[in-house]
Every structure is written in structure tokens, then in C-alpha cells.
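Please examine the structure shown here with attention to helix packing, aromatic pairs and backbone geometry.

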Amino acid sequence: MSIEAVNWAMDHAPMLRTPAGKPDTTARHVLQAMAEHANSKGKNCHPSVTRVQYRTGYDRRTVQRAWRRLEAEKLIEQDGMVQDRIRWKLAMDLRRPESDWEDLEREEGASREAAAERKRRSRAKHVTHLNDVTVTNAEAVTEADVTHSESVRHALEVRDVTHFKAGRHAPSAAVTTNQPPVEPPTTAMAGVGASTYGPQGLGPSAPIDDAGFVVTDSMRRWAAGVYPGLDIEHSTDQFVSHYRSIGVNRHSWPDAWQKWIREDAKRASQRQRPAGNVFQLPNGQPLTGTDATVAGWAALADSFDSEDSAS
């Protein structure tokens, strides 16, 4: 193998073109495989068709057609025979024009400019224009009876706070007039089977609230019949809270509820399942681990003794 021949075939040999004007990559690959069998002058190149097939992965007819195209463009020429194979000579004096590299650089630059333009257009779609921005008049927002930062005294009232132990009046403390009610606000969540679960007056409603989700009697009977030990009330509350918090819509809320009940029952059974080996004593005391294994073998031995005494 000659480095000079391989370098010529890789970089400096003229690029053949297909009838459509595209680079003839098949002929290029075959030429590179042939250069590995030539000397530094491009001579004494006589690889078999099988060898070129092995190097390139092409079939026999593809290799032969590539040879004919290379020969027609004067990149290779026949130089006798070696045994039953054609000996080729590579035309290493032919050079690829420098304009090929310049064309590739120009295409690369145009591709980068097109990508940058697409990126600028994509950003422009998400920019809010000045004409679309709503301007709010500051004077129209503040009402006449709203407290300003310069005068906050009337927003506070002074109350006498009586000390718990001494019964004496503590220093007057300023407390805001906007105090929370004594009783905490109640949510609109009702029991399972009641009306819809919409949070009335608690802010924007979630899709599950807009859909008016409700657990019907048939849904309740199904859950009680299939999973009698499951707390349907608690599972439904968790279901509604979950979808209300994430704000995701579902095509069928009853189907989503049934799936939730099934998964909740599965999790409950996994939590109740004892871990490891467990042996139950006659008095009801459970044994685990090594104690359970020993107790199991002892019980098996006692059963054998019982059978022997009965016989």
C-alpha cells in the first residue's frame, strides 16, 4: 500500500459526477480501495473483484460498473495482466480543482445563514409587539379611598391588650383591621357520591372541576364489590386533589377514577404484605426471619412424630 496513492484517491483525485450532477460516491469508494494496492506512482494495482467487494461492500456488478466509469474518465487505465486479473494504473497526475472546496465552503456558509434566519423568525413569533401591550393608567387603578404609602396610620387601629397573668393593660399594639375570621374557610369538597367537586370561589377551576366529576352509585358499588377493604372515600379525595393540583384533563374521568382505584388497591396490598418469612404460632404471635424458619422445621418434625404415633 502506498500513502501517496491513498492520499491522492482521498483528496486530490477529481470527483466523478452522476448524470444528475451528484458526486459519484460509489466510484470514489472503489478508487480508494484500488489505491491501497498501488505503489507510490499509482502503478502495479491489480486487486481482484472479490477483494474490492470485501473492502467496499458492493456487489460484483457494481464494482465492475464503477471501474468502467473511472476508466471512461481517465482516472484509471489498464496496464497489462497479472495472472487472470487486470493490472491498473492510477492517473495521479490529474488533480481536483480548488473550486470544489470553495463551493463546499460557500454551501456551508449559506446553510448557516439559513439556520440563523430560521432561528430569528422563530424568536420573532414569541415576541410581544408594542401595539399588543395593554397600557394601564396608574391614576385609574388607585381609588380615592385606597391607603397610600405616605399615610398608613388610618389602616391600623390601636387596641388595649390585657396581659394574661397580671391582668394589667399591656402597651397598646397596632394591629391590622384586615384580620382573618375565627373559623377557617371551608372547602367545597363533599363526600363521595355527592355533587360535583368544583372549588367554588377558591380560584381558577381545574379541568376536573369544569367537567363536574362525580362518583355515581354504580361506580361506588363497583369499587366496593371489587375492593371491599379499600377506603373509597379517601382514595377519591386523593384522586381529585391530585388532578386538581396538576391541572391535567382526561378524556374520561370515570375511567381515570377506576384506574386510580385499582392502583390504590394494589399499593394498599403491597403495604400490607409482610416482608420475609413469617410463621404464625398457635397463640397468634408471628415469628419472622430465622425464628420463623426454625419454627417451621419444628412444626414439620412434630407432624412426622404425630403420624408415627398414630400408626
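The report below moves from the overall chain to selected local features.

## Overall architecture

The model is predicted. Its protein chain has eleven helices and six strands. Of the 311 residues in the chain, 20% count as buried. Among contacts between residues at least 6 apart in sequence, 46% join residues at least 24 apart.

Helix H2, covering residues 25–35, packs with helix H4, residues 60–72, at an angle of about 90°, and their axes are 9 Å apart. This angle makes H2 roughly perpendicular to H4. On the H2 side, the contact comprises Thr-26, Ala-27, Val-30, Leu-31 and Met-34; on the H4 side, it comprises Thr-62, Ala-66, Trp-67, Arg-69 and Leu-70. By class, seven residues of the contact between H2 and H4 are nonpolar, two are polar and one is charged.

Helix H3, residues 49–56, also packs with H4: the two axes come within 9 Å and cross at roughly 105°. Angles of 65 to 115 degrees count as roughly perpendicular, and H3 and H4 are therefore roughly perpendicular to each other. Here Val-49, Thr-50, Val-52, Gln-53 and Thr-56 of H3 meet Arg-60, Val-63, Gln-64 and Trp-67 of H4. The contact of H3 with H4 divides into four nonpolar, four polar and one charged residues. Trp-67 of H4 takes part in the contact with H2 and in the contact with H3.

Asp-24 lies in the loop between helix H1 (3–12) and H2. Is Asp-24 buried or exposed? With a relative accessible area of 6%, Asp-24 is buried, since the cut-off for burial is under 20%. Leaving aside neighbours within four places in sequence, Asp-24 is in contact with Met-15, Leu-16, Arg-17, Thr-18 and Arg-69. Of these, Arg-69 belongs to the H4 side of the contact with H2.

A pair of aromatic rings is described by the distance of the centres and the angle of the planes. A search of the whole structure finds nine aromatic pairs. In one of them, the rings of Phe-239 and Trp-253 have centres 6.2 Å apart and planes at 80°, so the pair is edge-to-face. This pair links distant parts of the chain, with Phe-239 in helix H9 (residues 232–246) and Trp-253 in helix H10 (residues 253–272), 14 residues apart. Both Phe-239 and Trp-253 are buried.

Phe-239 also forms an edge-to-face aromatic pair with Trp-260, at 5.8 Å centre to centre and 70° between the planes. Again distant parts of the chain are linked: Phe-239 of H9 and Trp-260 of H10 are 21 residues apart. The relative accessible area of Phe-239 is 0%, so this residue is buried; Trp-260, at 15%, is buried as well. Ring pairs link Phe-213, Phe-239, Tyr-243, Trp-253 and Trp-260 into a cluster.

## Surroundings of Ile-208

Ile-208 is found in helix H7, residues 207–210. Its relative accessibility is 0%, so Ile-208 counts as buried. Which residues does Ile-208 contact, leaving aside its neighbours within four places in sequence? These contacts are Phe-213, Phe-239, Val-240, Tyr-243, Arg-244 and Trp-253. Among them, Phe-213, Phe-239, Tyr-243 and Trp-253 are members of the cluster of ring pairs.

Ile-208 can also be placed relative to Gly-247: the two residues are 39 apart in sequence, and their C-alpha atoms are 7.8 Å apart in space.

## Residues with positive phi

Most residues other than glycine have a negative phi. Lys-74, although not a glycine, has a positive phi of about 70°. Lys-74 lies in the loop between H4 and strand S1 (76–82). Its relative accessible area is 60%, so Lys-74 is exposed.

Gln-83 likewise is not a glycine and has a positive phi, of about 55°. Gln-83 is located in the loop between S1 and strand S2 (85–90). With a relative accessible area of 70%, Gln-83 is exposed, given that the cut-off for this class is over 50%.

Conventions. Residues are numbered from 1 along each chain as its sequence is written. This is a predicted model: local features need pLDDT of at least 70, side-chain atom pairs count only at pLDDT 80 or more; totals for chains, interfaces and linings use all residues. Side-chain values use heavy atoms; hydrogens and water are left out. Axes are lines fitted to C-alpha atoms, for helices over the stretch in contact, and angles run from 0 to 180 degrees between N-to-C directions. Helices (H or I, at least four residues) and strands (E, at least two) are DSSP runs, numbered from the N terminus. Angles under 35 degrees count as roughly parallel, over 145 as roughly antiparallel, 65 to 115 as roughly perpendicular and the rest as oblique. Contact means heavy atoms within 4.5 Å. Ala, Val, Leu, Ile, Met, Phe, Trp, Tyr, Cys and Pro count as nonpolar, Asp, Glu, Lys and Arg as charged, and the others, Gly among them, as polar. Rings of Phe, Tyr and Trp (its six-membered ring) pair if their centres lie within 6.5 Å; planes under 30 degrees apart count as stacked, over 60 as edge-to-face and the rest as tilted. Buried means under 20% relative accessible area, exposed over 50%, partly exposed in between (1.4 Å probe, protein chains only).
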